[in-house]
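Let's walk through this model together, one region after another. Keep the viewer open and follow along as we go.

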Amino acid sequence: MSRLGNLGARLYRGEVGYDFIGHRKIWYAVSILITITAIVGLVVRGLHMGIEFEGGAVFTTPKTTASVQQTTDTAEKVSGHQAIVQALGDGGKRIQIAEVDTKTSTEVKKKLAEELKVDPNKVDAQLVGPSWGEQIANKAWQGLGIFMILVVLYLAIAFEWRMAVAALIALIHDITITVGVYSLVGFEVTPGTVIGLLTILGYSLYDTVVVFDGLRESSKNVTKQTKFTYSEIANRSINGTLVRSINTTVVALLPVAGLLFIGGGMLGGGMLNDIALSLFVGLAAGAYSSIFIATPLVSDLKSRTPEMKALSRRVHTKRAKAAERESHEQDGADDDGDEDGPGAERDGRTAAAVSGQRRQPPARGRGKPSGRRR
């Protein structure tokens, strides 16, 4: 068995573990700090919406010797608007220019062909209206709302309402962080971004349900025992699924990291960045929230119920009595150990003196006639 597998088995059996629940205030503080940073970035910088949402034109040129920066400067000069240029594998360029309508697209196309020295007939132009992007955004919000409602209902029925509330908070936490990172990085928001957001919600929910399922199994008949409190059982549940959560997260992040850093960064596949970034940030945030946010929240909510408070009192009372009993036994052992000291030596000499005084046995027939005649 590998070292990681051995660690996972020991975590599952409760032989080793980390006190996630005991340090929950630290995780809450970290999450609040990250969330506030994301919200501030979103308010200050806003989101860089793609032409699918704002409307504009997309021009695809054939192979050209102009660099990405030269093409960007040329597109902004001839259109008068901000342009986004991405290099294609065949040497061509994909140019996105916002706020370009049907009347000006033909003129922009001709000027681009002249500046880049390519055939105007080989430049492909596609126009996107803002109404289409608005419809996509509305559909995305509707899908997100329906998804949240179904998640809460499912968790409330399959588990309990406290777990449903904790899972909902964790999902909102993941969405806020992902959108905030998009705002801070400045990546363009496209329909691929929306697809990535909906994908990470499903993954985050899956990871949370795995931890909740282990917690539900561990807390069956919890009030009938006095060995562990509910918080301690929740902490053991997290440790029991920790290695599994780490393994699934790493396996999911590796291809997404390759898509983002290698495909989108080193190879210049800029069109991959929109969905890759949302998946990468969302997967990492989902794994974090399922361990450090969702389960500690369930523990806090559950521990405030009267039956769990009573269980905690019984557990602590039993432990206090066991500690007191152990202390008395230790004190008794210390008293027994003093027999080898000076007091024991004096007691030994006294006992020896007493035992040395022999009692004289009474004389047989003393004071009685023997019955023999002289």
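## A tour from the surface inwards

Valine 43 is found in helix H2, where helices (H or I, at least four residues) and strands (E, at least two) are DSSP runs numbered from the N terminus. Before going on, some housekeeping: this is a predicted model, in which local features need pLDDT of at least 70, side-chain atom pairs count only at pLDDT 80 or more, and totals for chains, interfaces and linings use all residues. Residues are numbered from 1 along each chain as its sequence is written, and side-chain values use heavy atoms, with hydrogens and water left out.

Back to valine 43. With a relative accessible area of 66%, valine 43 is exposed, because exposed means over 50% relative accessible area, buried means under 20%, and partly exposed is in between (1.4 Å probe, protein chains only). Valine 43 also belongs to a nonpolar patch on the surface, together with Ile32, Ile36, Ile39, Val40 and Val44. Together these residues have about 580 Å² of accessible area. Such areas come from the Shrake-Rupley method with a 1.4 Å probe, and for residues only the protein chains shown count as cover. As for the patches themselves, they are made of residues with over 30% relative accessible area and no salt bridge; like charges are joined within 9 Å, and nonpolar side chains (Val, Leu, Ile, Met, Phe, Trp, Tyr) within 5 Å.

There's a charged patch on the surface too. Arg304, Lys309, Arg313 and Arg314 gather there in a patch of positive charge. For the bookkeeping, Lys and Arg count as positive and Asp and Glu as negative, while His and the chain ends are not counted; the place of a charge is taken as NZ of Lys, CZ of Arg, CG of Asp or CD of Glu. Arginine 314 lies in helix H11 (residues 306-337), and its 35% relative accessibility is why arginine 314 counts as partly exposed.

Now head inside. How many residues does the largest nonpolar core have? It has 46, and those with the most contacts inside it are Leu155, Met163, Phe212, Leu215 and Val298. At least two residues of this core are supplied by each of helix H2 (24-45), helix H6 (130-158), helix H7 (161-185), helix H8 (191-218), helix H9 (230-266), helix H10 (273-303) and H11. H8 gives the largest share, nine residues. By a nonpolar core I mean a set of buried Ala, Val, Leu, Ile, Met, Phe, Trp, Tyr and Cys residues joined through side-chain atoms within 4.5 Å.

Next, the salt bridges. The structure holds six of them, each one a side-chain nitrogen of Lys or Arg within 4 Å of a carboxyl oxygen of Asp or Glu. In one, the side chains of arginine 24 and aspartate 300 meet at 2.7 Å, N to O. That pair links distant parts of the chain, with arginine 24 in helix H2 and aspartate 300 in helix H10, 276 residues apart. Arginine 24 counts as partly exposed because its relative accessibility is 23%, whereas aspartate 300, at 17%, counts as buried.

Glutamate 160 has a salt bridge with arginine 162, the closest N and O atoms being 2.9 Å apart. Glutamate 160 also meets lysine 302 in a salt bridge, at 3.4 Å, N to O. This second pair links distant parts of the chain: glutamate 160 is in the loop between H6 and H7 and lysine 302 is in helix H10, 142 residues apart. With a relative accessible area of 16%, glutamate 160 is buried, and lysine 302 counts as buried at 13% relative accessibility. Through shared partners, salt bridges join Glu160, Arg162 and Lys302 into one network.

Asparagine 221 sits in the loop between H8 and H9, and its phi is near 55°, a positive value in a residue other than glycine. Most residues other than glycine have a negative phi. Asparagine 221 is exposed, with a relative accessible area of 54%.

Finally, look at valine 123, in the loop between helix H5 (102-116) and strand S5 (124-128). Valine 123 is buried, at a relative accessible area of 4%. Valine 123 and threonine 61 are 62 residues apart in sequence, yet 4.7 Å apart in space, C-alpha to C-alpha.
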